[in-house]
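Dear colleague,

Please find the structure below.

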Amino acid sequence: MPVFTHRSYEKELMDDFEGSGTAMDQTLRELEVINHRLGGNYVTINGLKKIIKQQGRPNQPVKIADLGCGGGDMLMLMAKWGRKHNIPLRLTGIDANPNIVEYARNNTSAFPEINYQSVNIFSEAFQTLEFDIMQCSLFTHHFTDEELVRLFSIMKSKSRLGFIINDIHRHWLAYYSIKLLTSWFSRSVMVRNDAPVSVLRAFTRQELESLLQQAGVSRFSIRWMWAFRWQVIAST
């Protein structure tokens, strides 16, 4: 019986940094569809627009990192948004799984403003990188509370303007809805397993507030958005 009173630390199949092959490719394609169909992509694009608007029109390319970039679909959406509004962007996808990075690189080959690095966010190599904005979509729920405090502290110190978190609201309706939806359409064992597990690993508003405060992040907003997503915008 699922428990919604606290975060689960049950591992997802996607947590395997060496996962690859047709099963992984199918999963990444389906995740792109899920985010598009359920409106999750808007959470990030809206946050990006807000941060850039606060700073005024940039005179040089805005450097943005997408942590846990997956198949690169969010990077493509950000690139299209930048082109549409004549805002130059330099986009970097970060993922610890080199097989996912290779898939994403091929998937986004039509966008020269996108590049990739296969690097663990807790590694010394990542500590040398700096960006104007960091964003992560459906990424933070993969970590323990202790790891998230460390991650949010890193994002605060390595983001010149701020960062965006797009992740799930842990709720019984979100759990049973995604479980039912993926049982209907998904051909990926990984998606059918990981989608409901990700809801159990996700957050309440109070949990996010506490984690951000523990990380020393004081200037942030948290907004609930459809479908069962939290939008966190932190100014640094």
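How far is the sulfur of Cys136 from the closest cysteine sulfur? The distance is 12 Å, to the sulfur of Cys69, which is too far for a bond. The model is a predicted one, in which local features need pLDDT of at least 70 and side-chain atom pairs count only at pLDDT 80 or more, while totals for chains, interfaces and linings use all residues. Residues are numbered from 1 along each chain as its sequence is written, and side-chain values use heavy atoms, with hydrogens and water left out.

Across the whole structure, the search returned zero disulfides (a disulfide being a pair of cysteine sulfur atoms within 2.5 Å). Cys69, accordingly, takes part in none. Both cysteines are buried (under 20% relative accessible area, with exposed over 50% and partly exposed in between; 1.4 Å probe, protein chains only): Cys69 has a relative accessible area of 5%, and Cys136 one of 1%.

Turning to the strands (DSSP runs of E, at least two residues, numbered from the N terminus, as are helices, H or I, at least four), β4 spans residues 131–137, and seven of its seven residues are buried. Strands pair if DSSP finds at least two bridges between them. β4 pairs in the parallel sense with β1 (residues 62–67) over four bridges, and Ala65 stands opposite Met134 of β4. Six bridges join β4 to β5 (residues 159–168), also in parallel; there, Ser137 has Asn166 as its bridge partner. From β4 the chain passes through helix α6 (residues 145–158) to β5 in a right-handed β-α-β crossover (with the strands pointing away from the viewer, the path from the first strand over the helix to the second runs clockwise).
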